[in-house]
Amino acid sequence: MRRLALLVAAIVAALAVAAAIAWPREQFAPSASPEAWAATSTNIARGAYLARAGDCMACHTARGGAPYAGGRALDTPFGTLYAPNITPDRATGIGTWSADDFWRALHDGKSKGGRLLYPAFPYTSYTKVSRADADALFAYLRSLPPRQVQNRPHALRFPYDSQLALAGWRLLYFKPGVFEPEPARDARWNRGAYLVEGLGHCAACHSTRNRFGASSEGLEGGLIPTIGWYAPSLTSDAEAGLGNWKEEHIVQLLGTGVAPGASVTGPMAEVVAQSLQHLTPADLGAMAAYLKSLPGAAPRERTPAPRPEEQVLQEGSRLYGQHCAACHGERGEGLGPYPALAGNRALTLEEPVNAIRVVLNGGFPPGTAGNPRPYGMPPFSHVLDDTQAAILITYLRASWGNAAAPVSSAQVNRYRAVPLD
């Protein structure tokens, strides 16, 4: 064990030395002028809008806590991180930070004083934020009521708790650089790309991650094990690709949480409620144009799903008729506001976690200005045991033209214990 620890320490030290040698010089972008982050009503309003676009409150506000005062626990495979206080309190927040300090945090992932930040703070995306937008965000955060809430230290395992290890990670997986518009694309498309790739940090969920927590640059989808949901691919028509959607329906889904034949639940419902519904129609349209233009991913090779045993299908049909048919129709066609299950891409994902979570915990689109009284699905965790839930979901994934793999009771049990938050 000691040899292993020494080996890991040696590798970390080597990476740190390599990082010091190879790391590119900081790309500092000066502010246009102090007026760019001054406490004017214009700057504050613009910064508040950008904070909504970046969904900053989602991580920097603990449940029941003061807005932006930090404390929310972020569980990762490497331990627990705690979001910091970013109110302008001088003792515990960012009250002593300058606009330059704030820019370096967004752009370079460095705290005041140069300490490296963990990429749970998505500076890998925020690095694309312009200096002007960073200054407006800073003006807004400085306008908030100061909250004296002490920051909690992270609880990470060795060697992930080391700044040396983090320096090595950054050398391998992070390169700072502001958003560069595509000359061949119009301003609207580039605005959408800026929001999706930068402030919106969509890749934080909708991309695959390697064993060291680094995400790919694409939006090909990925399992988020710490919260027990799968963020589907935004480039695959078999998952949540939008290339065949009408642009107005994409805008509707992003802005209200529902669209013809689709609705958002789980973590995406929170994103719509706290962030996307507050964006202007122009910005939602720009995002829609960008997402719709993404090249379709090559179809993943999937082993043909074995057909469930007839006994399983019969029992699944019985459970469906008892619990589901009244809303979703006798043949999964959907009734009124309740979605069709036949051909439902969310139901037939290769990874069945989302279907399991919805059956156990319910499916609730967000309440938004455009859809203030959403129709939801009640939870069935108290009605169905693991075996019954697995049989029902297997039936749904193998009926009315659906042809996804069966679900086991062990899979259901795994996610029954995962908390919603």
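**Cavity, pocket and helix contact**

Modeller: In this predicted model, the residues that line the largest cavity divide into 4 nonpolar, 1 polar and 2 charged.

Biologist: How many cavities of 30 Å³ or more does the structure hold, and what volume has the largest cavity?

Modeller: The structure holds 1 cavity of 30 Å³ or more, and the volume of the largest cavity is about 50 Å³. The word cavity applies because a 1.4 Å probe fits there but cannot get out, whereas a pocket is an open set of points.

Biologist: What is the volume of the second largest pocket, and which residues are the closest to its centre?

Modeller: The second largest pocket has a volume of about 910 Å³, and of the 40 residues that line it, His60, Ala83, Pro84, Leu117 and Phe121 are the closest to its centre. Helix H3 (56-60), strand E2 (79-82), helix H4 (99-108) and helix H6 (131-143) each supply at least two residues of this lining, which by class has 25 nonpolar, 10 polar and 5 charged residues.

Biologist: Why is H8 called roughly perpendicular to H11?

Modeller: The axes of helix H8 (residues 187-199) and helix H11 (residues 281-293) come within 7 Å and cross at roughly 90°. Angles of 65 to 115 degrees count as roughly perpendicular, and therefore H8 is roughly perpendicular to H11.

Biologist: Which residues meet where H8 and H11 are in contact?

Modeller: Among those in H8 are Arg188, Trp189, Arg191 and Leu195, and among those they meet in H11 are Asp283, Met287, Tyr290 and Leu291. By class, the contact of H8 with H11 has 9 nonpolar, 3 polar and 4 charged residues.

Biologist: Turning to the whole chain, how many helices and strands does its secondary structure come to, and why is the chain called as compact as a globular protein of that length?

Modeller: There are 16 helices and 7 strands in the chain. Its radius of gyration is 23 Å, close to the 22 Å that the globule rule gives for 421 residues, so the chain is as compact as a globular protein of that length. Along its principal axes, the C-alpha trace spans about 65 × 60 × 45 Å.

Key:
Residues numbered from 1 in each chain as written. Predicted model: local features only at pLDDT ≥ 70, side-chain atom pairs only at ≥ 80, totals over all residues. Heavy atoms only, no water. 1 Å grid on protein atoms, 1.4 Å probe; cavity = no way out; pocket = protein on both sides within 12 Å on 5 of 7 lines; lining within 4 Å. Points joined across faces, edges and corners; volume = space filled by probe spheres on them. Helix = DSSP H or I, 4+ residues; strand = E, 2+ residues; numbered from the N terminus. Nonpolar A, V, L, I, M, F, W, Y, C, P; charged D, E, K, R; others polar. Axes fitted to C-alpha atoms, helices over the stretch in contact; angles between N-to-C directions. Parallel < 35°, antiparallel > 145°, perpendicular 65-115°, else oblique. Contact = heavy atoms within 4.5 Å. Rg over C-alpha atoms; globule rule 2.2 N^0.38 Å.
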